[in-house]
Amino acid sequence: MYLSYAEYQLKLAVEREEVISKLNELENRLFSALNNGISAVKTLAFYAQNQANVIAKFESIGKEILASNPLVDVIQYLDSGTIVAVYPLEGNEAVIGYNVLEDSTRNIEVLEAVRRKDVFFSGPIRLKQGGIGIVGRYPFFKNGELQGLSAIIIKVETIFENGLLSDHVDEKFLVKITKTNPNSGEIENYIPSRDVSEASGFAASRLIDIGNWTLTVQLKKSTAFSGVFLEIVLRIVFSIILGYATWNFARQPALLRKKLEEQSKEILAANERFELATKATSDVIWDWDIVNNKTYRSDLFFQLLGYDESDQIGNNDFFISIIHPQDIDQVNKNLEETLQSSGLFWEQEFRIKKADNSYAFINDKGYILRNVNGEAIRMIGATQDISKRKNAEIELLEANKSLANVNQELKIFAFLASHDMREPLRMISSFLTLLQKKYSTELDQKANQYINFAIDGSKRLTILINDLLEYSKVGFDPNNLEKIDTNELLKEVLSLKSDIIRESDAEIILEDLPSIWGIRTPIQILFQNLIGNALKYKNLEVKPIIRISGSVGKDFLEFSIEDNGIGIEAEYLEHIFGILNRLHSKEMYPGTGMGLATCRKIVTQHGGEIWAESELGVGSKFLFTLKIYE
C-alpha cells in the first residue's frame, strides 16, 4: 500500500508538471501575439511623434506595420481619445470618429493605459465593427499632456487560428481566461464561454498583468488514482502470498529508480534545449538570482560587449558599473520601483559601456519571480542591442530639426528678398515713366521703344516677384481648417473674373459642388488660377466653354475644370506644374509660370493630388483631389 501511495503521488506530480508545462507553453504563445501588438503600437506611436502628416500616410504606415506583425488584425491612430485613422479601413469604417475616452462603458481600461503610460490590453470585448477581440493601446504625451494613443486589435479567432490557445472539447486540458470586469467588478469567463464544471483535475493559474487576465490550465480528469487502482487490488490479493509479496516489494524500488533516472534525463534534455535556444537568439539571455546577487549570462553577452568571462562578471554589481553615468539613476530607480511593487515585468532602454570604452544602446527586459510573500527572488530576461535603431532615431530627429530651420530661413529670405527687390524696381519704373513723359518728343522712335521695353520688363519682374512671394507664403495649418461652401466660393471667384469672362464671351457651367474642409484663402487662389488659365488659353476660333464639377469619393473630394481651349501636348502635362515653367512666350500669353506650381502646392498641403488631361487643339481638363477631413 505504501508503494501504491508513492506511485499515486508520483503520477499526481507528473500531472502537475504537465499542467504547469502547458501553462508555460500557452503563456509564451499568448505573449508572442501580445508582443506583436506591443511592437505595432509602439512603432505607430514613434511615427506619430516624429513624422508629419501621419494621417495622410496612415494607409502605407499601417500596411507596413501589419506586415511586420502578422498576428495583429487592425491598427488605429487616436488623436487624444478619438479614432482618426484605421488600417485596414474596409470593414472598420464604423469606428472612425469614435471617442473611447468619452464612452463610460469602455473607458476604464483606456484610462488604465494612460495611467500606466504603457501598453495595456482591453477585453476580449465585442468590437463596434463586429466580432470579438482584444484591444491594445499605447498613450504618448507631449509636454506632459496626452497627445494621442496608438491602438491594435487582435481578434479572438486570430489567436485560435494561429494555435495560440485551444478550446477543443477533445483536448486533454481545459484552458480558461478570466478577468474582473472593470465596470461590474464581476469575474467573467472569456475562454471558454461554455460550462466547464466537468473539469476536476489539477489547475494552475498565472496573472497576465498587461491585460489583467488570469490564464488557467486545468487537467480535465486526473488518471492518477485509476492508474494505480488495479495495482492496489492486485497487491492486496498477492499480499496473502508472502513470497510473492516479498518479491513484488523488492521490484518496486528498482522501478522507482528507473523512473527517477528517466525524469533526470528529461531535466538534462530541457537544460540542453535552453542552452541551444540561447545560441539561436540574437538576444543576451540572463538569469539574476536576486537573493544571492549572482547572474548567469549567455555567451552572446561576451561577444556583444567584448568582455572576458570571469567570476566578477557573474556578479550583478558589475553590470551596474558599466551603465552610462547619465542613465544609471533612472535605471536604478525604475528597477527598484518595479521590484518593490507587485509587477511581474521590467523593461528599460539605456546605454552600457563595452570593453573598448564605446557605448551601446540596449533594451533590457525581464520576468520577475516572487516568493509567497510577494518578494522578488529571481528575474529572467533578455538584452537586445538596439544601437542601430537609436542612432537612426537621433539622426532622423536632427534631420527634421535642420529641415525645419531651413524652411523658416527660406521663408524669411523670400520675404526680405522680394521686399528689397521691389523697391528699386518701382524706382526704375517711375523714373523711366517720367523720362518718357518729359523727353518723349525729343527722343527718336527707337529710344521711346527701348524705354517701353524697360518699363514693361520692370512690371513683369514685379509680377514675378509677387508670385514667388505668394508661392513661398502658401502654408497649411490644420488648426485653421474650416468648412467652405464651394458653390459660394466659386461665385466670388467668378465675380472677380467677371470682366475677362464678359470680354471673352465665355460660358461658365457650374455644377452643384460638395463643400470642402480646408483653408479658405489658398482654396480660393487654387480655383482662381485654374479658371484664369482656362480663360487665358482659349481657342480664338470657338466660344470659350468652361465646365466646373465635383464629386465625393471614399476618402477624397475630386474636382475638375474642363475647357475647350488650345490644349497641351501630352509630353508637357507634368512639366507645366513646375516652378517658372512656361510653354508659350510672354508676348503670346503673359504670366510668370508660377500659377500651376502654386496650385500643386495648395493641393498637396490639403492631402490631395493634381494632374491634367488634354488633347492639343481640343481642350484641357485639370483635375485635383482634396482629402476629406472629419
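Residues 24 or more positions apart make up 58% of the contacts in the protein with a separation of 6 or more. Contact here means heavy atoms within 4.5 Å. This is a predicted model, in which local features need pLDDT of at least 70, side-chain atom pairs count only at pLDDT 80 or more, and totals for chains, interfaces and linings use all residues. Residues are numbered from 1 along each chain as its sequence is written, and side-chain values use heavy atoms, with hydrogens and water left out.

## Overall figures

The protein holds 15 helices and 21 strands. Both are DSSP runs numbered from the N terminus: helices are H or I with at least four residues, strands are E with at least two. Of the 630 residues, 40% count as buried. Buried means under 20% relative accessible area, exposed means over 50%, and partly exposed lies in between, with a 1.4 Å probe and protein chains only. The accessible surface comes to about 35,500 Å². Carbon and sulfur atoms own 53% of that surface. Areas come from the Shrake-Rupley method with a 1.4 Å probe; for residues, only the protein chains shown count as cover.

Two packed helices are described by the angle between their axes and the distance between the axes. Axes are lines fitted to C-alpha atoms, for helices over the stretch in contact, and angles run from 0 to 180 degrees between N-to-C directions.

Helix α12 (residues 486-496) packs on helix α14 (residues 520-536) at about 55 degrees, with the axes 10 Å apart. That angle makes α12 oblique to α14. The classes are roughly parallel under 35 degrees, roughly antiparallel over 145, roughly perpendicular from 65 to 115, and oblique for the rest. α12 passes α14 in a right-handed crossing. A crossing is right-handed if the near helix is turned clockwise from the far one by less than a right angle, and left-handed if anticlockwise. From α12, the contact uses T486, L489, L490, E492, V493, L494 and L496. From α14 come R520, I523, Q524, F527, Q528 and I531. By class, this contact has eight nonpolar, three polar and two charged residues. Ala, Val, Leu, Ile, Met, Phe, Trp, Tyr, Cys and Pro count as nonpolar; Asp, Glu, Lys and Arg as charged; the others, Gly among them, as polar.

α14 also packs with helix α15 (residues 595-605). Their axes come within 9 Å and cross at roughly 145 degrees. This crossing is left-handed. On α14 the contact residues are P522, I523, I525, L526, N529, L530 and N533. On α15 they are G595, L596, T598, C599, I602 and V603. The contact divides into nine nonpolar, four polar and no charged residues. Within α15, the buried residues are L596, A597, T598, C599, I602 and V603. G607 follows α15 and has a positive phi, near 75 degrees.

## Backbone features

Most residues other than glycine have a negative phi, and most peptide bonds are trans. A cis peptide bond joins Y87 and P88.

| Site | Value | Location |
|---|---|---|
| Y87 and P88 | omega about -5 degrees | P88: loop between β2 (82-87) and α3 (107-116) |

D505 is partly exposed, with a relative accessible area of 49%.

## Individual residues

E27 lies in helix α1 (residues 2-50). Its relative accessibility is 7%, so E27 counts as buried. Leaving aside neighbours within four places in sequence, E27 is in contact with R206, I208, L215 and Y367.

E186 sits in the loop between β6 (173-180) and β7 (187-191). E186 counts as exposed because its relative accessibility is 52%. Apart from neighbours within four places in sequence, E186 is in contact with K179, T180 and N181.

G306 is in the loop between α7 (300-305) and α8 (316-321). At 45% relative accessibility, G306 counts as partly exposed. G306 touches F301 and A355, not counting residues up to four places away in sequence. The C-alpha atoms of G306 and K353 are separated by 10.0 Å, with the two residues 47 apart along the chain.
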